[in-house]
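I opened this notebook to keep track of what I looked up, one topic at a time. The entries below follow the order in which I went through the model.

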Amino acid sequence: MPNNRYAAPLVALIAPLLLYGGALVSQYGFGLHPCEMCYWQRWPHQVAMVLAALALLLRRSDAAMRALTLLSAVAIAVSGAIGVFHAGVEYGLWEGLTTCSTAATGPVSLDSILAAPITRCDVPQWTLFGVSLAGFNAIFSFAAAALVLTLLRRRPTSAA
């Protein structure tokens with residue numbers, strides 16, 4: 001990774017974009033319906049993408065760019081923390097949601113409730129080597145946030 005002033009905000013934009021994109025591919029491409037906590041993990045990635053994009057747009061102000069990139073790294077880490085909580089619920093380490101929820105807005109009919117897929121937060125829909133998607137989100141989110149923070153600490157050089 002080049003040591004220039006755009007490295008950190010680029011990683012802060014690309015990492016949540018890939019993680020959020022992966023969530024959408026798993027949902028729409030592979031039919032893995034998200035539970036409520038899955039949606040919770042997506043929100044900070046959306047915030048991180050907006051903050052990182054703003055950081056790149058405000059590149060003339062180094063202080064603003066660094067502050068927005070730092071906030072983006074925090075948002076990525078928040079998604080990782082939610083992923084840890086969600087994975088803990090999946091592995092039975094602690095209790096998660098105790099009420100039902102729906103992604104529907106406005107009036108909800110009985111037919112739409114009965115037709116909706118049942119997605120429990122305490123049962124992983126897919127795992128690899130015993131790690132659920134929530135666990136992978138936690139791992140990759142914390143790694144991405146750490147990389148962004150490491151790049152922010154470096155002395156920036158002028159971009160080529």
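**The cores.** I looked up the largest nonpolar core and found nine residues in it: Ala7, Ala8, Val11, Ala12, Ala52, Ala73, Val148, Leu151 and Leu152. A nonpolar core here is a set of buried Ala, Val, Leu, Ile, Met, Phe, Trp, Tyr and Cys residues joined through side-chain atoms within 4.5 Å, and buried means under 20% relative accessible area, exposed over 50% and partly exposed in between, with a 1.4 Å probe and protein chains only.

**Basis of the entries.** The model is predicted, so I kept in mind that local features need pLDDT of at least 70 and side-chain atom pairs count only at pLDDT 80 or more, while totals for chains, interfaces and linings use all residues. Residues are numbered from 1 along each chain as its sequence is written, and side-chain values use heavy atoms, with hydrogens and water left out.

**Overall layout.** I counted five helices and two strands in the protein, which follow the pattern α-α-α-α-β-β-α along the sequence; helices (H or I, at least four residues) and strands (E, at least two) are DSSP runs, numbered from the N terminus. Of the 160 residues, 34% count as buried. Among contacts between residues at least 6 apart in sequence, 80% join residues at least 24 apart, where contact means heavy atoms within 4.5 Å.

**Helix H1.** H1 has 23 residues and reaches 31 Å from its first C-alpha to its last, close to the 33 Å expected at 1.5 Å a residue; the expected span is 1.5 Å times one less than the number of residues. Its buried residues include Pro9, Leu19, Tyr20 and Gln27, and the buried residues of H1 pack against H2, H3 and H5. Ile14, also found in H1, is partly exposed, with a relative accessible area of 41%. The C-alpha atoms of Ile14 and Ala52 are 8.9 Å apart, although 38 residues separate the two in sequence. After H1 comes Gly31, whose phi is positive, near 70°.

**Helices H2 and H3.** I found that H2 (residues 36-57) and H3 (residues 62-90) pack at an angle of about 170°, with their axes 8 Å apart; axes are lines fitted to C-alpha atoms, for helices over the stretch in contact, and angles run from 0 to 180 degrees between N-to-C directions. That makes H2 roughly antiparallel to H3, a term for angles over 145 degrees. The residues of this contact divide into 19 nonpolar, seven polar and no charged. H3 itself has 29 residues and reaches 42 Å, close to the 42 Å expected. Asp62 is found in H3 and is partly exposed, at 31% relative accessible area, and its C-alpha is separated by 8.3 Å from that of Arg5. Just after H3, Gly92 takes a positive phi of about 75°.

**Helix H5.** H5 (residues 133-153) has 21 residues and reaches 30 Å, close to the 30 Å expected. Among its buried residues are Phe136, Asn137, Ser141 and Ala145. Leaving aside neighbours within four places in sequence, I found Ala73 in contact with Ala145, Val148 and Leu149.

Key:
Parallel < 35°, antiparallel > 145°, perpendicular 65-115°, else oblique. Nonpolar A, V, L, I, M, F, W, Y, C, P; charged D, E, K, R; others polar.
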